[in-house]
Amino acid sequence: MKQPPGSNEGSSRVYRVSEITRQVRLLLEDSFPEVWVEGEVSNYKEHSSGHVYFSLKDEASELRCVMFRGDAALLRFSPSDGMKVRALGRITVYEKRGYYQLQVFSLSVAGKGDLALAFEVLKEKLRNEGLFLQEHKKPLPQFPAKIGVVTASTGAAVKDILKIIGRRWPLASVLLRPSRVQGEGAAAEIAESIGDLNRWPGVELIIVGRGGGSLEDLWAFNEEIVARAIYDSATPVVSAVGHEVDYTIADFVADARAPTPSAAALVAVPDRDEIAFRLEGLVTRALRAGGEMVRGFAGRVDALSRSYGLRRPRDLIIQRWQDLDEMHRRTNSAVRHRLEIAAGAISSLDARVESAAPASVLSRGYCICRRQPGRELVSRSSELKKRMSVSLQFAEGSAECEVLEVEV
Amino acid sequence: MARPRFEDQMRRLEEIVERIESGEVGLDDSINLCEEASGLVKALKKKLSEAELKVQELSKDSEGELKLKNAEEETEC
């Protein structure tokens, strides 16, 4: 039989941890079965299970809260850090860890928290002054040679930034300007460091930030002095505060906002593999363009070589050949002509010779006289003597005759 | 003379490629440009492959003077 809570009889007995925890639990849960609690949301986290964890806080205290999936699903707004809410729930004890918490059934907005209000007031003021305007945003250098970093000298933020810059763009050099990023005076120190890096020669880009934390932890980045220092910076500033969901005034003023310090490093520098790839692309383009140009010129040279201008000398030679052929032809025909004339002359001579032949003379009634016994041709009467035998040849046939008288 | 900046060299290279591609330069000029481009590519590749991140720290002494010191070796990749 256990001692009931509050019993004096058990003052000297020794409890086991689970035992006393159970006692506390019963006491608390019985005392606060249903309560309304008002406070500011802090460390709000939605777990993948669907349960929601956060704290409610005011100036002095903090109360752990859990909202189980079924209740969380009924929320009509998205709670965020700094938001002032009113929660209905019961106090429970998480025995395993030995802490108490408020199990929230329902949640409603209860007017804004002081920090959130300050945030809204400053944001509105700076917006009206034009500090967030796009036209004031400076472009980030594509290949920053020297990058200034304003953050705590220890902690994950600086490690993440150096790791990523070292991996992606080791061509850069990094100039760390260690600064406190939370607590009293942090904002002034951050602002001063931004100014220092602006005065230091060669700094082309400034990363300002810190890792995640509560709204209070990040508060320095919501202060006006930091916003003004970023706005006044002649060097482009990338802000990198907290986690994805955290937005600070610094983010609105900065030339570029990165959700985390790692992301700021990604924004700040290119990736050398990507640039090497781009370089290859340029080389390819240059080679192709150069090749095309050479082919173009080669084509032109080719075309020119076939042009009339360059063909002309050869044409002239060909023409000379033609001229020669022509002359040759003409020479030939002249010779032939002469030959033809000669041939004509010969044939007419032939005809005359023909017509001069004895047979044709004989056919006209002449006869040929030959004397005996030698049968020599007789063309004069003096060659004949009385009683000499002569032979007369006619066109057809012949006769043997005797000379009766000779007249000279 | 100051070390040529990566950015300037890259820009010059892009400009050369665009000029060659435009076809507006003569053959001789483009051969010169190609030579320049290949020099740039070599230099840029060298920078990309040989670079090593340099980290320095700028801190203030008691008089508020900024002082530079080399940060201890950081981060393995």
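What percentage of the 77 residues of chain B count as buried? Select chain B: 30% of its 77 residues are buried, where buried means under 20% relative accessible area, exposed over 50% and partly exposed in between, with a 1.4 Å probe and protein chains only.

Before moving on, some housekeeping. This is a predicted model, in which local features need pLDDT of at least 70 and side-chain atom pairs count only at pLDDT 80 or more, while totals for chains, interfaces and linings use all residues. Residues are numbered from 1 along each chain as its sequence is written, chains are lettered from A and ligands numbered from 1 in the order in which they are written, and side-chain values use heavy atoms, with hydrogens and water left out.

**Still on chain B**

Switch to cartoon. Chain B has two helices and two strands, in the order α-α-β-β along the sequence; these are DSSP runs, numbered from the N terminus (helices: H or I, at least four residues; strands: E, at least two).

**Over to strand S8 of chain A**

Now select residues 205-210 of chain A. That's strand S8, and six of its six residues are buried.

Strand S6 of chain A, residues 146-151, runs parallel to S8(A) and is joined to it by four bridges. Strand S9 of chain A, residues 237-241, is also parallel to S8(A), over five bridges. Center on A:Ile207: A:Val149 stands opposite it, and its bridge partner in S9(A) is A:Val238.

Bring in helix H6 of chain A, residues 224-232. With S8(A) and S9(A), H6 makes a right-handed β-α-β unit: with the strands pointing away from you, the path from the first strand over the helix to the second runs clockwise.

Most residues other than glycine have a negative phi. Go to A:Asn43, in strand S1 (residues 35-46) of chain A: its phi is near 55 degrees, and it is partly exposed at 32% relative accessibility.

Last stop, A:Arg387, in the loop between strands S12 (376-377) and S13 (389-393) of chain A. Its phi is positive too, about 75 degrees, and A:Arg387 counts as exposed because its relative accessibility is 62%.

Methods:
Pairing = 2+ DSSP bridges.
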